[in-house]
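Me: I am new to this structure and would like to go through it in questions and answers. Could we begin once it is on display?

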Amino acid sequence: MNKVILRSIQAALFAAGAPLGWLFIQFLKGVDLAQEILNNWDLYTYMLFGTMTVFVLFAIYVARKETHMTQIASRDALTNIYNLRYFIERMQQETDRARRYETPVSLIYFDLDHFKKVNDTYGHPVGDKVLIEVAKTVKDLVRSYDIFARVGGEEFAILQPTCGIEDSKKSAEMIRDAIENLTIQINDGKTVQVTLSCGVTEWVVGEDVDAFYKRADGFLYQAKQTGRNKVVSG
């Protein structure tokens with residue numbers, strides 16, 4: 001159930017307890033409750049709906065604040081895609097689901113080639129802009145239910161549920177090509193272009209997420225060692 005709705009229901013039930021509690025006290029005093037309500041209808045209406053409104057509004061505020069804080073905790077501050085902590089959590093969830101339903105799940109792990117040179121040549125603000133533009137470009141290419149995260153300085157990962165390695169390799173190659181052809185505008189009409197190296201692998205039943213992650217990292221390393229700007233899979 002939506003957190004805002006749940007909190008509102010809880011608040012309404014809690015608020016309703018105030019007039020009911022007051023009526024119970026009157027009952028213990030031997031007061032005729034029906035007559036008490038008729039004589040003080042405006043008071044009890046205010047106690048019920050006024051108190052309920054205050055509690056519900058406060059509950060909505062708290063629920064939205066909690067949701068906002070959860071989103072902040074799971075997002076990378078620069079690119080606004082998911083961060084490493086959230087990505088690892090989702091890896092565990094998706095591999096558990098893949099085990100349960102016997103479906104594939106693949107991992108694309110890439111980083112930007114010679115990114116240090118971009119920072120050294122143009123400065124960190126330009127480097128940050130490159131990361132933001134790369135993240136935007138890739139986000140537009142992945143499926144809505146893929147989990148795309150920044151997992152290091154210039155390192156990114158995409159977890160693809162229900163996706164076998166062949167389809168994941170095609171996705172990785174499409175992303176590699178898009179970044180190779182991406183032109184990023186910087187100051188004074190200048191532009192920057194970058195490439196990426198990528199490792200792709202499919203989860204093996206029974207392995208933990210650490211082994212899954214390290215295998216993708218190994219293929220990324222091979223891509224780096226054999227010329228960069230390429231996809232290596234296995």
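Me: Which residues does asparagine 229 touch, not counting residues up to four places away in sequence?
Reply: Contact here means heavy atoms within 4.5 Å, and this is a predicted model in which local features need pLDDT of at least 70, side-chain atom pairs count only at pLDDT 80 or more, and totals for chains, interfaces and linings use all residues. Residues are numbered from 1 along each chain as its sequence is written, and side-chain values use heavy atoms, with hydrogens and water left out. With residues up to four places away set aside, asparagine 229 touches Asp113, Arg176, Glu180, Thr195, Leu196 and Ser197.

Me: How many Å separate the C-alpha atoms of asparagine 229 and arginine 176?
Reply: Asparagine 229 sits in the loop between α8 (209-225) and β7 (231-233), where helices (H or I, at least four residues) and strands (E, at least two) are DSSP runs numbered from the N terminus. Along the chain, asparagine 229 and arginine 176 are 53 residues apart, and their C-alpha atoms are separated by 7.2 Å.

Me: Is threonine 137 buried or exposed?
Reply: Threonine 137 has its place in helix α6 and, with sequence neighbours within four places left aside, is in contact with Ala178, Ile179 and Leu182. Buried means under 20% relative accessible area, exposed over 50%, and partly exposed in between (1.4 Å probe, protein chains only). Because its relative accessible area is 19%, threonine 137 counts as buried.

Me: How far apart in space are isoleucine 186 and proline 125, C-alpha to C-alpha?
Reply: Isoleucine 186 is found in the loop between β4 (184-185) and β5 (191-192), and its relative accessibility is 13%, so this residue counts as buried. Leaving aside neighbours within four places in sequence, isoleucine 186 is in contact with Tyr122, Val126, Lys129, Thr191 and Val192. Proline 125 is 61 residues away from isoleucine 186 in sequence, while the distance in space is 9.7 Å.

Me: What is the phi of asparagine 80?
Reply: Asparagine 80 is found in the loop between α3 (41-74) and α4 (84-101), and because its relative accessibility is 47%, asparagine 80 counts as partly exposed. This residue is not a glycine, yet its phi is positive, near 65°.

Me: How many helices and strands does the secondary structure of the chain come to?
Reply: The chain has 234 residues, of which 39% count as buried. Of the contacts in the chain with a separation of 6 or more, 66% are accounted for by residues 24 or more positions apart. The secondary structure comes to 8 helices and 7 strands.
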